[in-house]
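Trainee: I would like to learn how to read a protein model. Could we go through the features step by step?

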Amino acid sequence: MNRSAAKNLIERYFRQLTDGCGNDDCDNEFCASCRRFRPLDKNEAAVRALELWQKNAKLCDSKTSPTESDIQAVVDVKEDFSDVHYLTENTICTILSVCEEDGDYSALIRVVGRVFSNANSLIKSFRKNEPEPRDGASDQPGASPEVAVDVDSVRRVYERLEKIEQAESALLNALVYLTPNLELDLEYLEAYQTDPDYLNIFVILMENRNLHSPEYLEMALPQLCKAMSKLPVAALARLCKLWSGYELPHIRRLMETFQQLITYTVVSQEYGGEHLVNEDDTVVAACKCLKVVFYASMVGGDVDTEHNDDEDDDEADSDQLSLHELLGEERLYKKAPQVDLLEKELGVRPIDSRKPLIPFEDFVNESLNDVVEMDKDFTFFKVDAETKFSFQTCPFVLNVVTKNQGLYYDNRIRMYSERRLTALYSTAQGQQPSPYLKLKVRRDHVIDDALVRLEMISMENPSDLKKQLFVEFEGEQGVDEGGVSKEFFQLVLEEIFNPDIGMFTYDDDTKLFWFNSSSLEIEAQYTLVGIVLGLAIYNNCILDVHFPMVVYRKLMGKRGTFCDLPDSHPVLYQSLKELLDYSGDVEADMALTFQISHTDLFGSPVLYDLKEKAEDVPVSKENRQEFVDLYADYILNTSVERQFRAFKKGFLMVTSESPLKYLFRPEEVELLICGSRKLDFEALEKSVEYDGGYCKDTQIIKDFWETLHSFGEEQKRLFLQFTTGTDRAPVGGLGKLKMIIAKNGSDTDRLPTSHTCFNALLLPEYSSKEKLRERLLKAITYAKGFGML
């Protein structure tokens, strides 16, 4: 279409919008004569005329002709679009058409720059399912969770603008101008409280797919994040819910945008004692924005906000002043961190997430972890939370090693605190209590002695469990510098998990232990196991325990569900899944009722009713999901309630005041207790120490490492079990394992031996590599128990 014809059409649309066609019965929604038509002023009519021309809308037969001034108004708008104060997709398309025809994009650049640099203009742009707002008018403020932005339309507009270099520059410059004003509006003028549609600005701006480019990372994105971080919690929650509905590529792009800003800023700066990363406003703001995406990923994924343990683990606050408060340390030793307000607003916690849209691991920023000083971050977290930022308030960005450092500082501070209180007691009362948690046990009665001692402590003074553990074996000399405690843990676990004891059942297929619902052991035995697990975390010791993941989820406050069965009871899970998937007549073909049976400790069948009159209620296609859920609840919760409650009680005796529950997910708690299954023996070789005359250049040592690296996965695990007492690596990998290889005499037929409590391998200087391999394989294959001397 030539320019003259286009001009005539636009003029006709303009006249139709302002004066109508003159037909009183007109049903054209784009005509002023239609009774449903909303009147427009000339500026609005001029812009709308261009939009109608662009999409070839219905045109009435007009009975009047446009005046010269009206025609000129359309021409003026077409030439510079000076009256465009907000944008729609149609407006952009119209302007682009005119610019492409003229070969001049200056009008587009002016409009984009004007709208994207003005908060009010952006608020009114790209609305969905509602008439475009009039100039100077805004919707009434409301608290609707819905965001009135047509996101798909915004994406299509960005896609067209990305192809025009001048438009990209206009967007960048507009954002640089806009963002400082956004921060001021939110911080001082309460812009969102005045108009909740203020959130539209961030929805629109975050759809720009070039935000991660160097120009934006350096000039615009930092200030945008600072402004976004000033949004009130209610606004962030709305933004989170909107993003949670995005398809995976879009929400991942948002995550990567903030992650790239964090990484770019961290690698571009040097941090130290005078300049902590906690004080970098850009990194802090980006982490706060990343938190919104983190929760959106959870909300949009598989979430279980139900099945929470009804027990109240937190003790009621006492009206009496504690010694910590008397010493002025109440802020440092408060029981729990402040509640995450966004988590509270959304009603979703990380423990509730079964499968987020984006894996939790993708939110960890390794560059940031390399520069965080956890000793100072811990102080900010516990003492200066109101004035300083701690990355422990965004634990998703930290890896397990870094969070474990924070937990270590928390544990050590508590231990030192207990020592101070001991000194205070001894001064005030003339007593001499021990500054340590002292356990004196007999090797052949380790369970009985430990049980009696820990039970007395838990009843008389539970805070003693927060002291540093100090174990002494009766009749043996030695100072516990960690090795004796580790040996104590190993002996306790070896006896407790002995199948002959009957406290736990063992599955040969999964190689995991589960609570024996028919156990005759007293609850105190299970409490002891819980205390041992808690003490292991508290004293930074890896244990050789093998529980399914549901145990750690239950320790964190969730109840077991059908989704936990594949890990803990795979055979039962498969049977129940087949029931759910069965396409035939469930009631007739399977003849099941809501009464189930299982075997007790002596192998006798025991019946259990999943609901009232269970034997009379058949399982059908309609109620099979209820049957499956009740069955899983019985197996994972009800049947072991007595045992698990005692177990959890012991665990919480040690960890209730720890930030463990706040910082770590169940998978990470398992990692703290049991270590990692990922074994990097190259890292172990670099970190190992030598004694007794050996060094890394000794021939037998070279032969040893060549032999060990040639082992298969199972043989390597046997070696690790033989040397350290567990087949897993500590948090951070084998490079963090303090292992010693010591010379144990010259060539001999004796097997290598180990002291697992010190991670020490005693290796004779064998005469050949072949003999070394044969002796080592025999030692690790036929070693019994923990292989200790």
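Trainee: In which helix does tyrosine 188 lie?

Mentor: Keep in mind that this is a predicted model. Tyrosine 188 lies in helix H8, which covers residues 165-188.

Trainee: Is tyrosine 188 buried or exposed?

Mentor: The cut-off for exposed is over 50% relative accessible area. Tyrosine 188 has 58%, so it counts as exposed. Together with Leu184 and Leu189, Tyr188 makes a nonpolar surface patch of about 360 Å².

Trainee: Next, pockets. How is empty space found?

Mentor: A probe the size of a water molecule is rolled over the atoms, and this shows where empty space is left. In this model, the second largest pocket has a volume of about 1300 Å³.

Trainee: How many residues line the second largest pocket, and which lie nearest its centre?

Mentor: The lining has 40 residues, and those nearest the centre are Asn539, Asn540, Cys541, Lys738 and Asn759. Among the elements that give two or more residues to this lining are helix H22 (483-496), helix H23 (523-538) and strand E4 (469-473). Helix H20 provides the largest share, five residues.

Trainee: What classes of residue make up the lining of the second largest pocket?

Mentor: The lining has 21 nonpolar residues, eleven polar ones and eight charged ones.

Trainee: Which other residue has a positive phi although it is not a glycine?

Mentor: Lysine 511 is one of them, with a phi of about 60 degrees. Lysine 511 lies in the loop between strand E5 (504-507) and strand E6 (512-515).

Trainee: Now salt bridges. What should I look for, and how many are there?

Mentor: Look for a side-chain nitrogen of Lys or Arg within 4 Å of a carboxyl oxygen of Asp or Glu. The structure holds 35 salt bridges. In one of them, the side chains of glutamate 162 and arginine 209 meet at 2.7 Å, N to O. Glutamate 162 is in the loop between helix H7 (151-161) and H8, and arginine 209 is in the loop between helix H10 (199-205) and helix H11 (214-219), so the pair ties together parts that are 47 residues apart in sequence.

Trainee: How accessible are glutamate 162 and arginine 209?

Mentor: Glutamate 162 is partly exposed, with a relative accessible area of 24%. Arginine 209 is also partly exposed, at 39%.

Trainee: Which residue does arginine 253 meet in a salt bridge?

Mentor: The partner of arginine 253 is glutamate 207, at 3.1 Å, N to O. Arginine 253 lies in helix H14 (residues 248-268) and glutamate 207 in the loop between H10 and H11, so this pair ties together parts 46 residues apart in sequence. Arginine 253 and glutamate 207 are both buried.

Trainee: Where do lysine 291 and aspartate 340 lie?

Mentor: Lysine 291 is in helix H15 (residues 281-299), while aspartate 340 is in the loop between helix H16 (323-326) and helix H17 (341-346), 49 residues apart. The two form a salt bridge whose closest N and O atoms are 2.7 Å apart. Both lysine 291 and aspartate 340 are buried.

Trainee: Which residues are linked in a network of salt bridges?

Mentor: One network links Glu361, Lys403, Arg665, Glu667 and Glu668.

Trainee: Last topic: separation along the chain and in space. How far apart are serine 754 and threonine 723?

Mentor: Compare the count of residues with the distance between C-alpha atoms. Serine 754 and threonine 723 are 31 residues apart in sequence and 5.5 Å apart in space. Serine 754 lies in strand E11, and at 0% relative accessibility it counts as buried.

Notes
Residues numbered from 1 in each chain as written. Predicted model: local features only at pLDDT ≥ 70, side-chain atom pairs only at ≥ 80, totals over all residues. Heavy atoms only, no water. 1 Å grid on protein atoms, 1.4 Å probe; cavity = no way out; pocket = protein on both sides within 12 Å on 5 of 7 lines; lining within 4 Å. Points joined across faces, edges and corners; volume = space filled by probe spheres on them. Helix = DSSP H or I, 4+ residues; strand = E, 2+ residues; numbered from the N terminus. Nonpolar A, V, L, I, M, F, W, Y, C, P; charged D, E, K, R; others polar. Patch = residues over 30% accessible without salt bridge, like charges linked within 9 Å, V, L, I, M, F, W, Y side chains within 5 Å. Areas by Shrake-Rupley, 256 points an atom, 1.4 Å probe, with all protein chains shown as cover. Buried < 20%, exposed > 50% of the residue type's maximum accessible area, 1.4 Å probe, protein only.
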